[in-house]
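This report describes selected local features of one protein model. Please consult the sequence and the 3D structure alongside the text.

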Amino acid sequence: MNEHATARAELVRLQDRERDLLEELRSVRTAARVQRDKIDVLFKQQRLPAPITRLPLTVLSDIIHCVVFDTHPESDAHRYTKRQLASVSRHWRAAILSFPNLWTTITIDPSWSVYLVAAHVARSGECPLDIIISNWSSYSNLSLFNDLLGVVVTCGYRWRSLVIRQISGNSAMQVVKSIWGMSFPSLECVQIFGVQIPDNPPFLMSRYTPTLKHLTLWDQDKIDQLQIASNLETGRFHWSGSVSGSRLLSTLLSCQQLRTLVLSGSGGSSDQWPAPQSIHLPALVSLTLDLADPQPALAAVVVPNLNHLRCSRPFYRGWVHVFGGFFDAFTNVRHLCLTDAKLGGVSSELTGADVRAACMACPGVRHIELQADNIPAFFHRNAPADHWPHLERLALEGLTVGTIPHDLIQWLDERKSREQPLLRVTLSEFCIPDNAPDGPWLTTLYKSLRGRCLFELQDFPLKITLGVHASSQGDVLDSRRSYDSIRIVINEGFEG
């Protein structure tokens with residue numbers, strides 16, 4: 001009897017303990033809920049900023065700078081993009097207004113107002129300015145042009161670069177004359193596209209632009225009559241008509257600091273080029289000759305430090321005409337680009353002598369760029385390309401979709417059998433015929449080159465045609481391979 005009473009008493013004690021624990025649990029839960037609510041209130045009261053607003057102003061300004069200067073055209077970037085970004089938050093607006101480098105590009109354009117130009121001048125502080133003059137024609141409001149230019153000429157000492165483009169009619173003369181006698185002590189870069197320059201503008205001379213280093217004159221008729229600053233480091237010139245390329249080249253003799261030179265245009269057959277080895281350019285490292293016949297210009301220059309050479313092949317002539325007299329003349333050239341001059345869409349055939357002439361003139365080449373049509377001439381058994389023992393990169397342009405370069409594959413096999421390092425082969429600017437194959441050509445090409453080289457594609461057009469047809473289960477989307485409609489571009493190469 002006593003044992004039974006003891007058990008009942010223990011049960012009562014445990015039940016009481018259970019009630020106490022449940023009551024304590026309810027109290028704990030209530031306290032925890034109150035504490036969570038308190039934390040939420042405190043968090044909302046603190047209003048922690050978003051992560052991007054915690055960035056230092058300088059870092060945020062650099063990010064915004066990249067966004068603004070990646071927007072095209074420039075006039076829209078500085079009229080709209082900055083305004084849109086400034087409307088995101090006060091923090092962003094403060095970053096934009098307080099970062100002078102965001103206000104250094106000023107476009108003298110009919111879409112800009114005097115107030116906008118003045119705001120850029122003021123907010124750029126004393127930073128160098130990049131001036132773009134564009135989109136003016138005979139029908140434009142030239143009084144507005146004078147008002148806009150009048151704001152920026154007051155700080156001509158801060159001009160770092162000047163671009164003049166897309167100007168037609170009588171306004172071209174107005175633009176050039178408006179800055180004719182100005183002095184630009186900090187101007188480093190001038191680019192003029194398609195605007196005819198009369199006489200010899202002083203702003204291209206060393207006296208008025210003592211720091212001018214980079215000059216681009218494109219589509220000029222009197223380019224050979226200009227007096228060019230002698231302290232140039234980069235010169236890019238393109239002409240048409242009866243311009244004397246020889247006279248222009250002679251003018252550059254005074255530019256002993258010139259490092260990059262581009263000559264592009266047609267020259268008359270009566271053009272008398274300077275005598276061979278008469279133009280000494282000791283600092284030149286990059287030379288581009290896109291001429292009807294580059295041989296006279298190539299013969300005239302002495303370029304002991306030339307590293308990059310780009311040359312066009314004359315109509316109906318081979319490389320033996322261009323390089324035949326230059327055995328070991330360009331031993332320091334490491335990057336060679338040979339382009340075809342085509343007439344009526346047809347190129348003259350290359351011979352073994354053409355290829356050997358190019359190889360012998362530039363024996364130290366490590367990076368070669370060729371047209372895909374030239375593969376049979378350069379790459380075959382006992383190929384002349386073997387005269388480049390240090391070749392590392394091969395870039396081929398214009399391979400026709402559906403074509404497998406068997407000559408190149410055999411040459412790569414022979415190169416591999418000699419235990420030479422794998423080449424990095426890049427294919428780009430593909431030709432797509434009307435009857436482009438619908439099969440897995442890219443896969444076949446990849447398998448053919450895999451293991452023989454480091455294979456890269458640039459801007460390869462992958463296209464798919466999508467069609468929609470109705471069914472009992474709704475619209476069904478079909479796809480088939482083709483070379484029209486949607487284009488997917490590979491911008492980064494892949495290796496195999």
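Leu427 is buried, with a relative accessible area of 3%; buried means under 20% relative accessible area, exposed over 50% and partly exposed in between, with a 1.4 Å probe and protein chains only. Leu427 belongs to strand 15 (residues 423–428). Helices (H or I, at least four residues) and strands (E, at least two) are DSSP runs, numbered from the N terminus. The model is predicted: local features need pLDDT of at least 70, side-chain atom pairs count only at pLDDT 80 or more, and totals for chains, interfaces and linings use all residues. Residues are numbered from 1 along each chain as its sequence is written, and side-chain values use heavy atoms, with hydrogens and water left out.

Not counting residues up to four places away in sequence, Leu427 touches Leu396, Leu399, Leu445, Phe455, Glu456, Leu457 and Gln458, where contact means heavy atoms within 4.5 Å. For one of these residues, Leu399, the C-alpha atom is separated from that of Leu427 by 7.3 Å, although the two residues are 28 residues apart along the chain.

## Parallel strand pairing

Strand 4 (residues 189–193) and strand 5 run parallel and are joined by 5 bridges; two strands pair if DSSP finds at least two bridges between them. Within this pairing, Ile192 stands opposite Leu217 in strand 5. Strand 5 is also joined to strand 6 by 6 bridges, again in a parallel arrangement, and Leu215 has Gly235 in strand 6 as its bridge partner.

Strand 9 (residues 286–291) is largely enclosed by the rest of the structure, because 5 of its 6 residues are buried. Strand 9 pairs in the parallel sense with strand 7 (residues 260–265) over 6 bridges, and Asp290 in strand 9 is the bridge partner of Ser264. Strand 9 also pairs in the parallel sense with strand 11 (residues 308–312), over 4 bridges. There, Cys311 in strand 11 is the bridge partner of Leu289.

His238 lies in strand 6 and is buried, with a relative accessible area of 19%. A polar contact of 2.8 Å joins its side chain to that of Ser264. A polar contact is a pair of N or O atoms within 3.5 Å; within protein, one must be able to donate a hydrogen and the other to accept it, and residues adjacent in sequence count only if both atoms are side-chain atoms. Residues up to four places away in sequence aside, His238 touches Leu217, Trp218, Asp219, Gln220, Ile223, Ser264 and Gly265.

Asn231 is placed in the loop between strand 5 (214–220) and strand 6 (234–239). Asn231 is likewise buried, at a relative accessible area of 12%. Its side chain makes a polar contact with the side chain of Ser206 (3.2 Å), and a polar atom of that Asn231 side chain lies 2.8 Å from the backbone oxygen of Pro210.

## Helix 5 against helix 6

The axes of helix 5 (residues 114–123) and helix 6 (residues 142–152) come within 9 Å and cross at roughly 10 degrees. Axes are lines fitted to C-alpha atoms, for helices over the stretch in contact, and angles run from 0 to 180 degrees between N-to-C directions. Helix 5 and helix 6 are therefore roughly parallel to each other; angles under 35 degrees count as roughly parallel, over 145 as roughly antiparallel, 65 to 115 as roughly perpendicular and the rest as oblique.

In this contact, Val114, Val117, Ala118 and Val121 of helix 5 meet Leu144, Asp147, Leu148, Val151 and Val152 of helix 6.
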